[in-house]
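Have the model open in a viewer as you read.

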Amino acid sequence: VQRFAGVCLAIIVTLISTTIPLGILMLAHWIHPALHFVIASVFCYQMLAAKSLKTESMKVYAQLEQHNLEGARKAVSMIVGRDTANLTEEQVAKAAVETVAENTSDGVIAPLFFMLIGGAPFGFLYKSVNTMDSMIGYRNERYQYFGTAAAKLDDILNYIPARISVYLMILAAFFARYDAKEAFRVYRRDKRNHASPNSAHTEAVCALHIQLAGDAYYFGKLHKKPTIGNADRPIEAKDICRANHLLYITTCIAIVVGLGLKSLLFLCFI
């Protein structure tokens, strides 16, 4: 029953999230193409989370720099799903880095990928699924069955974008003069070290001589998870800045490449 209810929820949410912006854009185009362009641009801008991701993660960095552990725990609790009350400074920094790494794909590259395919409506389709997954896609007593459809659908939609994100991030690591070879090597070794088929990919690239993932508490229960990367040095607050640096360079590369491909396809069909 709960699985069926979860399927119904996924269908209803995705249909509403796609058809309403599609209807708005169709009406705008009927009024004037310029209005359609403006509204579509606003829609697309709102779906790219690079700025908000950096802003929220840098709040964690600021608290860590001030050695305010309680403040850092509170700040990181706003962007992660794990329990944060007992995290150490290093664990707080690790959680923030992992969030930036994972959401480089989920919050930027994936919505951009779907917008390039089907415009703002496809972007909203993806964001609705990703949001459902973040809210009910947990393997706990409450959502074990109800959230299955959302979690599986999110895995499917993120499969290609997560892998595209990896190579864009490795290229970004090269431009940022980070150890791109190490990023690629860790990715090849640890890309499957996660319960999700997609999450470990971008986390592996961000594990630049540090170790991410590992055991964590969710809703008071310890979840045993494999590690990603090598613990060549302790994780520090500056690693949050490095992850955001990769995020922004990756975003710029993705936009340039995406618009270039879109323009090339346009030229091929005129």
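What follows is a walk through cores, spaces and cysteines.

A few ground rules come before that. This is a predicted model, so to speak: local features need pLDDT of at least 70, side-chain atom pairs count only at pLDDT 80 or more, and totals for chains, interfaces and linings use all residues. Residues are numbered from 1 along each chain as its sequence is written, and side-chain values use heavy atoms, with hydrogens and water left out.

Let's begin with the packing. A nonpolar core here is a set of buried Ala, Val, Leu, Ile, Met, Phe, Trp, Tyr and Cys residues joined through side-chain atoms within 4.5 Å. Buried means under 20% relative accessible area, exposed means over 50%, and partly exposed is in between (1.4 Å probe, protein chains only). The largest core has 51 residues, and the members touching the most others are Val-60, Leu-64, Val-76 and Cys-206. Elements giving two or more residues to this core include α3 (50–65), α4 (69–77), α5 (89–136), β1 (211–213) and α9 (238–268). Helices (H or I, at least four residues) and strands (E, at least two) are DSSP runs, numbered from the N terminus. Helix α5 supplies the largest share of the core, 10 residues.

Leaving aside neighbours within four places in sequence, Val-60 is in contact (heavy atoms within 4.5 Å) with Ala-72, Ala-75, Val-76, Ile-79, Val-92, Ala-96 and Ile-240. There is also a second, separate core of 11 residues, including Ala-110, Tyr-143, Ala-149 and Leu-157. In soluble globular proteins, nonpolar side chains tend to be buried together.

Helix α5 also holds Asn-130. Asn-130 counts as buried because its relative accessibility is 11%.

Now for the spaces. On a 1 Å grid over the protein atoms alone, a cavity is a set of points where a 1.4 Å probe fits but cannot get out, while a pocket is an open set with protein on both sides within 12 Å along at least five of seven lines; lining residues have an atom within 4 Å of a point. Grid points are joined across faces, edges and corners, and a volume is the space filled by probe spheres set on the points.

The whole structure has one cavity of 30 Å³ or more. The largest cavity holds about 70 Å³, and its lining is Val-97, Cys-206, Leu-208, Ile-210, Arg-233, Asp-239, Arg-242 and Ala-243. Helix α9 gives the most to that lining, three residues.

The largest pocket has a volume of about 1,500 Å³. Its lining has 50 residues, with Glu-102, Asp-133, Gly-137, Tyr-138 and Ser-199 nearest the centre. Helix α5 contributes the largest share of this lining, 13 residues. The second largest pocket, at about 560 Å³, has 18 lining residues, and Ala-40, Ser-41, Cys-44, Met-115 and Leu-259 are the closest to its centre. Here too α5 gives the largest share, seven residues.

Finally, the cysteines. The structure holds zero disulfides (pairs of cysteine sulfur atoms within 2.5 Å). For Cys-241, the nearest cysteine sulfur is that of Cys-206, 13 Å away. With 48% relative accessibility, Cys-252 counts as partly exposed.
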